[in-house]
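Have a look at the fold before reading on.

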Amino acid sequence: MFAQMRQALKIPKTTDILNHMHSLPQPAQDEAQIAIRAIERAAMLQQEAQPGLDELITYLEGRGVRMGLCTRNFDAPVTHLLQTFLPGKTFFPIITREFRPPKPDPAGILHIAQDWKLEDGADSLIMVGDSMDDMVAGFKAGAATVLLSSKDNEGLEEHEYTSVAIRRLDELMGMLEGGFEEKEAR
């Protein structure tokens, strides 16, 4: 999907997609947004739930753990995810790419901490994600970071911004039950 986006915008892999779109003059910015949203809409129809998603969310919900969402997607793919794979589950707040600045800036995570009135900022939060943007945003906000590891991001498992790596979302349940511990490098 990201390769398609870069191709549509005619930008190299080293250029941030959202920053590029926001730097364009009008009407090119609106045209880029339309193209990217079309790619995201097509991708969301092929989306599958990550292994262990339902188990983890049910576990967290059963323990009264608040859940927020911080993504670089626009609202339609987020709504699709919630309605298709997590019907009836509560995530608040939901931070999409319309929130500025987007990840990898920590502002979205810090906004969640502020919305929840956490006295320690984001220090008691856990950012679970699958990209470098997720790890950077979480780390810079002061949250623990959990990488959902795959063949596409294995190089991030040992990155200094990654607290722990898991292969399935339900692996996090055991970590939380046993006492979540970050890598000592943090």
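## Ground rules

This is a predicted model, so local features need pLDDT of at least 70 and side-chain atom pairs count only at pLDDT 80 or more, while totals for chains, interfaces and linings use all residues. Residues are numbered from 1 along each chain as its sequence is written, and side-chain values use heavy atoms, with hydrogens and water left out.

Helices (H or I, at least four residues) and strands (E, at least two) are DSSP runs, numbered from the N terminus. Buried means under 20% relative accessible area, exposed over 50%, and partly exposed in between (1.4 Å probe, protein chains only).

## Two cores

A nonpolar core here is a set of buried Ala, Val, Leu, Ile, Met, Phe, Trp, Tyr and Cys residues joined through side-chain atoms within 4.5 Å. The largest one has 17 residues, and Leu56, Phe91 and Leu169 are among those with the most contacts inside it. Two or more residues each come from helix H4 (53–62), helix H5 (75–85), S4 and S5, with H4 giving the most, five. A second, separate core holds 12 residues, including Trp116 and Ala143.

Leu169 is in contact (heavy atoms within 4.5 Å) with Pro51, Leu56 and Leu148, among others, leaving aside neighbours within four places in sequence.

Rings of Phe, Tyr and Trp (its six-membered ring) pair if their centres lie within 6.5 Å; planes under 30 degrees apart count as stacked, over 60 as edge-to-face and the rest as tilted. That gives one aromatic pair. Phe139 and Tyr161 have ring centres 4.1 Å apart and planes at 20°, so they're stacked. The pair links distant parts of the chain, 22 residues apart: Phe139 sits in helix H7 (residues 132–141), Tyr161 in the loop between strand S4 (144–148) and strand S5 (164–166). Phe139 is partly exposed at 26%, while Tyr161 is buried at 17%.

Asn153 lies in the loop between S4 and S5 and is buried, at 7% relative accessible area. Its side chain reaches the backbone nitrogen of Ser150 at 2.7 Å.

Most residues other than glycine have a negative phi, and most peptide bonds are trans. Cis bonds join Phe92 to Pro93, with omega about -5°, and Arg100 to Pro101, also with omega about -5°.

Lys10 has a positive phi, near 60°, and is exposed at 74%. Lys117 has a positive phi near 55° and is exposed at 70%.

How values were computed. A polar contact is a pair of N or O atoms within 3.5 Å; within protein, one must be able to donate a hydrogen and the other to accept it, and residues adjacent in sequence count only if both atoms are side-chain atoms.
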